[in-house]
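Please consult the sequence and the model alongside the text.

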Amino acid sequence: EYISYNPMQWTSKYFHVVPDSGEKVQLTEEDFQSLGTNDMLYNMDDKYIYFGTINMGVDALPEEEQVLTVYDYEGNIKAKIPAGDFGNYYFVLPGTDEYLFITKMNTDGSDAYFYADKSEFDGGTVEAHEINFAGIR
């Protein structure tokens, strides 16, 4: 859910749907810490859920504080990936069992691509590494 005011403010609500009954149960910061800071859901796969800090508008954190937080489905933080260098427009692609991929839009209209090794998702900081496509045809 996005509610726009002037200046821009973000609010989000997330729900778990109970498989047997179809009942929707709203998730809270007790389920995922990021919900208490109003982070945005960027993506999920069969093992992890990826939330990113607000990176634009009045609620934006300074670049050095922006992170992509990776959770398991029990709500445990599995990794924090510094995200300040990704800018305002980046996309989280769950990738494979081994790697998470991130693509960002550069100010010149080009794209940059990064990967993070999921085997490093042990609760600490994990660096995303830029993929250099120079010389690849």
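From the N terminus on, the elements of the protein run β-β-β-β-β-β-β-β-β-β, which comes to zero helices and ten strands. Helices (H or I, at least four residues) and strands (E, at least two) are DSSP runs, numbered from the N terminus. The model is predicted: local features need pLDDT of at least 70 and side-chain atom pairs count only at pLDDT 80 or more, while totals for chains, interfaces and linings use all residues. Residues are numbered from 1 along each chain as its sequence is written, and side-chain values use heavy atoms, with hydrogens and water left out. Of the 137 residues of the protein, 33% count as buried (buried is under 20% relative accessible area, exposed over 50%, partly exposed in between, with a 1.4 Å probe and protein chains only).

**Aromatic contacts**

- The structure holds eleven aromatic pairs (rings of Phe, Tyr and Trp, the last by its six-membered ring, with centres within 6.5 Å; planes under 30 degrees apart are stacked, over 60 edge-to-face and the rest tilted).
- Tyr 14 and Phe 51 form an edge-to-face pair, 5.7 Å centre to centre and with 85 degrees between the planes.
- Tyr 14 lies in the segment before strand S1 (15-17) and Phe 51 in strand S4 (residues 48-52), so this pair ties together parts that are 37 residues apart in sequence.
- Both Tyr 14 and Phe 51 are buried.
- Phe 51 also pairs with Tyr 71: the ring centres are 5.8 Å apart and the planes are at 90 degrees, so this pair too is edge-to-face.
- Because Phe 51 lies in strand S4 and Tyr 71 in strand S5 (residues 67-72), their pair ties together parts that are 20 residues apart in sequence.
- Tyr 71, like Phe 51, is buried.
- Tyr 14, Phe 32, Phe 51 and Tyr 71 form one aromatic cluster.
- Lys 24 lies over the face of Phe 15, at 5.2 Å from the ring centre (the criterion is NZ of Lys or CZ of Arg within 6 Å of the ring centre and within 35 degrees of the ring normal).

**Largest pocket**

- About 220 Å³ of space lies in the largest pocket (on a 1 Å grid over the protein atoms alone, a pocket is an open set of points where a 1.4 Å probe fits, with protein on both sides within 12 Å along at least five of seven lines; lining residues have an atom within 4 Å of a point).
- Of the 13 lining residues, the closest to the centre of the largest pocket are His 16, Leu 27, Phe 32, Ile 49 and Tyr 73.
- At least two lining residues each come from S1, strand S3 (40-44) and S4.
- By class, the lining has nine nonpolar, two polar and two charged residues.

**Individual residues**

- Thr 103 is in strand S8 (residues 99-105) and counts as buried at 12% relative accessibility.
- The side chain of Thr 103 reaches the backbone oxygen of Ala 112 at 3.4 Å.
- Ile 81 lies in strand S6 and is buried, with a relative accessible area of 0%.
- Ile 81 and Gln 66 are 15 residues apart in sequence and 8.7 Å apart in space, C-alpha to C-alpha.
- Asn 88 lies in the loop between strand S6 (77-82) and strand S7 (90-93) and is partly exposed, with a relative accessible area of 39%.
- Asn 88 and Asn 106 are 18 residues apart in sequence and 9.4 Å apart in space, C-alpha to C-alpha.

Methods. Grid points are joined across faces, edges and corners, and a volume is the space filled by probe spheres set on the points. Ala, Val, Leu, Ile, Met, Phe, Trp, Tyr, Cys and Pro count as nonpolar, Asp, Glu, Lys and Arg as charged, and the others, Gly among them, as polar. A polar contact is a pair of N or O atoms within 3.5 Å; within protein, one must be able to donate a hydrogen and the other to accept it, and residues adjacent in sequence count only if both atoms are side-chain atoms.
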